[in-house]
Amino acid sequence: MQAKPNFTTNTFAYHNISNRFNIGINNISPNQFEKHLKLFKNYKDVTICFDDAYEDIYINAYPLLMNQPFKKIIFPISEYIGKYNDWDVNFIINKKKHVNNKQLQDLNRSGWVIGSHGACHISYKTLNNNQIYDDLCKSKDTLEDLINKDVTIFTPPFGYFEEKFIDIALKVGYKKIYLNQCYLNKFQSIHTCALNRFNIYKHDTTRSIKRKINGNKIKYFIDKNIHLCSNATVVVKKFS
Ligand SMILES: [Zn+2]
């Protein structure tokens with residue numbers, strides 16, 4: 001399960017950058033994040049992604065990334081811009097606000113790329129093809145109206161993806177889809193629009209991030225299982 005060369009990109013996915021208490025493994029302190037940024041300076045063509053577009057990214061990560069040589073992508077959930085994250089099963093404890101319209105426009109003006117993370121943050125495992133098409137269209141339209149620019153990058157809610165969704169996303173007008181390596185490895189064909197990225201978790205250190213970049217098999221196995229377990233929990237909780 002070594003990373004296939006054509007899938008290898010130095011792209012890293014984050015969720016929260018803050019010092020607040022947060023259940024789970026997606027919150028990283030600004031101090032820790034600064035250490036990661038120092039490490040990334042040793043690599044070429046680094047892209048840093050932020051899923052869900054929480055307000056703490058605007059408050060804490062945006063200033064740290066000012067004048068840094070990395071590509072920045074933020075993936076808002078279009079129906080939740082400026083709202084609290086009540087789509088999250090841990091909402092009662094992990095109540096957090098998403099960026100608002102103005103903050104998103106500021107990021108866009110500062111050179112950040114705005115991508116889509118769907119409209120409602122519902123796992124595509126639970127939707128049919130028409131519903132997936134609608135979710136992809138709705139989020140693209142809302143974001144394009146807001147920033148007055150084409151939105152052509154997508155990453156799926158909860159990361160869940162199947163090869164057959166690619167045609168739907170391309171039909172809607174997306175050109176690049178960022179995915180966890182474990183989905184790319186399952187594809188039967190090579191799709192140049194599908195790009196690999198590494199999830200960065202609270203327990204990651206600069207050493208463990210280097211292991212991910214180098215395609216370390218054990219690290220890949222651990223990350224894959226963290227991702228699949230968290231995804232299974234979400235789907236079970238939604239339907240229980
Ligand atoms: Zn998400």
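Biologist: Leaving aside its neighbours within four places in sequence, which residues is Lys-176 in contact with?

Modeller: Lys-176 is in contact with Thr-152, Ile-153, Cys-193 and Leu-195. Two residues are in contact if their C-beta atoms, placed from the backbone, lie within 7 Å. This is a predicted model, where local features need pLDDT of at least 70, side-chain atom pairs count only at pLDDT 80 or more, and totals for chains, interfaces and linings use all residues. Residues are numbered from 1 along each chain as its sequence is written.

Biologist: Where is the place of Lys-176?

Modeller: Lys-176 is in strand β8, residues 176-180. Helices (H or I, at least four residues) and strands (E, at least two) are DSSP runs, numbered from the N terminus.

Biologist: And does Lys-176 count as buried, exposed or partly exposed?

Modeller: Lys-176 counts as partly exposed because it has 16 C-beta neighbours inside 10 Å. A residue is buried if 20 or more other C-beta atoms lie within 10 Å of its own, exposed if 12 or fewer, and partly exposed in between.

Biologist: How far apart in space are Lys-176 and His-191?

Modeller: They are 9.8 Å apart, C-alpha to C-alpha, and 15 residues apart in sequence.

Biologist: New topic, the helices. At what angle do the axes of α1 and α2 cross?

Modeller: The axes of α1 (residues 30-40) and α2 (residues 55-65) cross at roughly 30° and come within 11 Å. Therefore α1 is roughly parallel to α2; angles under 35 degrees count as roughly parallel, over 145 as roughly antiparallel, 65 to 115 as roughly perpendicular and the rest as oblique. Axes are lines fitted to C-alpha atoms, for helices over the stretch in contact, and angles run from 0 to 180 degrees between N-to-C directions.

Biologist: Which residues of α1 and α2 meet?

Modeller: From α1, Pro-30, Phe-33, Glu-34 and Leu-37 meet Asn-60, Ala-61 and Leu-64 of α2. By class, that contact has 5 nonpolar, 1 polar and 1 charged residues. Ala, Val, Leu, Ile, Met, Phe, Trp, Tyr, Cys and Pro count as nonpolar, Asp, Glu, Lys and Arg as charged, and the others, Gly among them, as polar.

Biologist: Which residues in α2 are buried?

Modeller: Asp-56, Ile-57, Tyr-58, Asn-60, Ala-61, Tyr-62 and Leu-65 are buried in α2. The buried residues of α2 pack against β2 (16-17), α1, β4 (47-52), β5 (71-76) and α3 (101-109).

Biologist: What follows α2?

Modeller: Asn-67 follows α2, and its phi is positive, near 60°.

Biologist: What is phi of Asp-52, and of Asn-148?

Modeller: Phi of Asp-52 is near 80°, a positive value in a residue other than glycine. Phi of Asn-148 is near 55°, also positive in a residue other than glycine. Asp-52 lies in strand β4 and is buried, with 23 other C-beta atoms within 10 Å. Asn-148 is in the loop between α4 (129-147) and β7 (153-154), and is exposed, with 8 other C-beta atoms within 10 Å.

Biologist: Back to helices: how do the axes of α4 and α5 cross?

Modeller: The axes of α4 and α5 (residues 165-172) cross at roughly 35° and come within 10 Å. On the α4 side the contact is made by Asn-129, Ile-132, Tyr-133, Leu-136, Cys-137 and Lys-140, and on the α5 side by Phe-165, Ile-168, Ala-169 and Val-172. By class, the contact of α4 with α5 has 8 nonpolar, 1 polar and 1 charged residues.
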